[in-house]
Structures are given as structure tokens and as C-alpha cells.
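Here's a quick briefing on the fold you have on screen.

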Amino acid sequence: KNYEEFRTHGKVLIDYICNYVKTIEKRPAFYENLKPGFLAPQLPSDMPENPESFTNVLLDFDQKILPGMVHGIHPDFFTFFGTGNAYPSVIGDMLSGAIATVGFSWASSPSVTELEYIMLDWYAKALNLPDFFLSINSNKNSKGGGALQASATDAMMSFMIAARDRAIKQQKNGRRDSHQPGLGGNEDAAYLPKLVCYASVNAHGCVEKVANLCMVKYRSVKVDADDKMKASALENAIREDLENGFIPFFVVGTSGTTEQGAFDELDKIGEVCSKFQGIWFHVDASYGGNFFMLPSKRYLSVGLNYADSINVNPNKLLLTAADCTCAWVKDVQGFVEAFDVEALYLKHQYEESIVDLRHWGTPLSRRFRSLKLFFMFRMYGLEGFQAFLNKVIDVGEHFATLVTSDSRFRVKNDAKNGIVCFRLNRNDHVNESLLKMINDTKKIHLLPTICKKKMCLRFVVNREYCSEAQVKRAWLLISHYATNLRDEIKR
Ligand code: PLP
């Protein structure tokens, strides 16, 4: 294709995107009454024989595909986590697509590796992560570093695989920190049924999923009255498993649980892990870790010094477009050994002096994903992000105040982090009916959640275009349906 065409079409597309964002409130946040299979009848059954015009393709996108989408940036989107589309990140992704490069090794495109490490250092410093996670700007003794992963689940997968590798080597050698490349095969598989990983009942489902994929046991640990993992329950579970001949090898603490926004007490969990030799402590801070940028929230990160690895996602709370999971590890060499496979065509003369990105997980090819961080970090600055995070906190607290000012309702979580879990002071069945009535309106959408063992409605405000006015509008709708619901129950 002629790139001069792109000059024209690209400008049209930028106008289209700007108009989409500008008029987002005019369209519903949710698709209307669609059933699986809605799209195929609207599109040709085969790829066109001859090229079509950009205008026709864009028109089809606008009229057939866009109506089947949920708009995660919409002011009335209070479900899952809102998505990020800040334009500096869109620009970074555009450039990455345009300057198509394969960044699997330093030699394959040196700037891809170097910018990624530099951006992860910038971010780690902004989050005030322990020095040992820095790769370039660290004290000389640091063996750590960070790189990007496609998702928090991918990060979990990479770290669990590395931890599994380490645990098996320890079992074979009877000592910690012995890294021998090239393990694998039937002999190692014999250890799998004994390996156990732990996370709280409120941890994200990806931990269990990854444990299944790694063919290790998954044990969920009880939470306390504030929905945080009970360190004493973790310790008891580990002791019990050890007594029964199992090998505890991986513990996940969560900073900002998906459902309640609860922050596990990392220092208490870390202390438990450190009592037992060889347990890998990972912190899943996908959403909540971003709050560590605020000095007022730093107390939530106490205990990170115990962590072997951590992931934080700018796409969950820093307005950045997915995919964008940042993952750091304390001992990069120990970590990457699990992924190191030699191939002649991948070799280069500097592989002893810098870790190639291909060793950070299962994929080989990598696009220039850190470009979006380069544009985001520079065009927002720490102050820009802090202002946004404070807004999320304020808007969430504003909504919680509206809820608590109505005696029919109760807020059930510590609603200071952009997630508000609330319920009517009635049984679960009534709350389920209220949720259904609200979601059936298609005006706003909330998820059900369990908080302090009760069914709640979960309301999330982590979006750029979400203001106090918008949550007030949503609250009026919720309270209106709560009133109608009462009438319906009376009838
Ligand atoms: N961990 C937490 C705490 C999450 O909230 C989520 C998703 O919301 C995940 C992990 C999974 O994230 P991803 O979609 O990036 O795999």
C-alpha cells in the first residue's frame, strides 16, 4: 500500500477518534440487546476479492462493529475497570505499529530493549518501589529489573514458571539460589504434584488459572474482616502442607483486590514467607499499585522489601491503553533462566552484558510497547498522574458519601480507592433484584461482588471522564430503582 494514502486516511481517522471521544456521552456505554452471532450476517462471508476503499471499511466499522462494543471510557461505565485511551498512549501504539520492529533481543533493535528498561525504572521510582527492582538507576548490588508483559496473567505465568523452576532446582540440589540451566523432563515433573501456591480468596482468578497451567496445587487463604489475606491463616496452611510432605513455593499478595479494592498487608505476608526457605513472594498490584505514586498511599506498600516480584498495570489506573503490564523481579538472572533457550539465529555479541527481552516470558517477538509509556510519562509527568489518582479517590469517596447518606444502604468496603461496594440493608436476593433492574436499564452497569461475606453492588470510578456530577446522576438512578423495588416487593 502506498504510504501517501495513509497521510490522508490517517488524518481522517484521527478526526474520527477525536469525535468519538468528544461525543462519547451521546452513545450508550453498552450495546443494546445483542446475541452471539450478531456480526457475521452483517459482513461478507469471505475476504473481498479486490481491495476496498478506506472510506467503506471505516463506515462498516462505525455502523456494524462499533454498536457491538462496550465503551470502557464512557462516563456511565462503572463496571470491571474502566479503560484508558489517553492520547499519548494511542500515539505510542501508533508509532509502534508504524515502525514495525521485532524487539526480542538487544541486537534485534537496541532501543526497544533499552527504552523498556529505562521506562520501567522511571515507573518503579515514581511508585517508590524498593531499589532492588531497578535495573539501571540502582545501587550497584541490585540484581533486579523490570520489563513489560502483555497482561497481569502473563506476568503471573512468567513468575510462577520461574518460581517453579527454582523450587525444583532447590529440591534437587537441596539448597537455595542454585541456578542450573537446562532442567526439565520427566524427572522434574515428579515434583509437580507436591508444589503448592497460595493466594487469598479475594485474589484475582488468574492466580488459580496459572497454577492450573503450571500443574501445581492452588490453595486459597482466608481473609480477615477487612477482606485482607490473614497472615496467620497463610502460615498455618504452609505449616500444614509442609507436615504433609508438600512443597510451598509461591505466595501471591494482592494490592488492590479486583472486587473490593482491598490491600493485603504485605509486611505480614512477607514475614511469613521469609520464615520458610525458598518461597517466592509475588505481589499482584495490577490496579492498586498505581496508588503508590501518592505519598499519602505509600503506607500500603510497606512490606514490598520482602517481594521477589511485582506487577503494576498502567492500563488499569493510569489512563494508558492496554496491553501494558509492568513487571519487576528482584533477581533477573535467576528469573530468566527458566526461559533461556539457545538458538544460533538469536545470538549476538552483547548477550552477556544485557538481558534480552525474549527471556522475560514465553513470547519471542515483541513490539515496541514501551513507546506508549514514553509518551505517557513525559506528557503527564508525576504531577499529572497524581492529580488523576487524587480525582479517582475523591470521586469514589463522593459516591460513597451519597450512598451512606441514604439510610437504606450501606457501604461495605474501605471505599478510598476508586471502588465502592455497597448494598441495600436487605437480603442478598433483594440486592440481586436491584442489580438486575439497574443493569437492565442499560444506562449504567454494575457488577455483583462479595464483600465481607455479603453480596454487594460494585461501582468503579477509575476513568478520565468520570466526575462527581456523573456519579451523582448514577446515584439518582440507583436510588430511584431502590424505591421502585420496594414498591414492587410490597405489591
Ligand atoms: N490481577 C488483578 C488484581 C486484576 O484486577 C486483574 C484484572 O482485573 C488481573 C490480575 C488480570 O489482569 P489481566 O487482564 O491483565 O490479565
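Of the 491 residues in the protein chain, 44% are buried. Keep in mind that this is a predicted model.

**Overall build**
- You'll find 14 helices and 11 strands in the protein chain.
- A compact globule of 491 residues would have a radius of gyration near 23 Å, so the 24 Å of the protein chain agrees with that.

- Seven strands form an open sheet, and reading across gives the order 1-7-6-5-4-2-3, with mixed pairing.
- Which strands stand at the edges? They are strand 1 (145–149) and strand 3 (217–221); each has a single partner strand, so one side of each lacks a neighbour in the sheet.
- On average, neighbouring strands of this sheet are turned by 20 degrees against each other, direction ignored.

**Strands 2 and 3**
- Strand 2 (residues 195–200) and strand 3 run parallel, joined by 5 bridges.
- Tyr198 has Arg219 of strand 3 as its bridge partner.

**A helix on the sheet**
- Helix 5 (residues 152–173) packs on the sheet and touches strand 1, strand 2, strand 4 (247–254), strand 5 (280–284), strand 6 (309–312) and strand 7 (325–329).
- The direction of helix 5 makes about 155 degrees with that of strand 4.

How values were computed. Residues are numbered from 1 along each chain as its sequence is written. This is a predicted model: local features need pLDDT of at least 70, side-chain atom pairs count only at pLDDT 80 or more; totals for chains, interfaces and linings use all residues. Two strands pair if DSSP finds at least two bridges between them. Helices (H or I, at least four residues) and strands (E, at least two) are DSSP runs, numbered from the N terminus. Axes are lines fitted to C-alpha atoms, for helices over the stretch in contact, and angles run from 0 to 180 degrees between N-to-C directions. Two residues are in contact if their C-beta atoms, placed from the backbone, lie within 7 Å. The radius of gyration is taken over C-alpha atoms; the globule rule is 2.2 Å times the number of residues to the power 0.38. A residue is buried if 20 or more other C-beta atoms lie within 10 Å of its own, exposed if 12 or fewer, and partly exposed in between; C-beta atoms are placed from the backbone.
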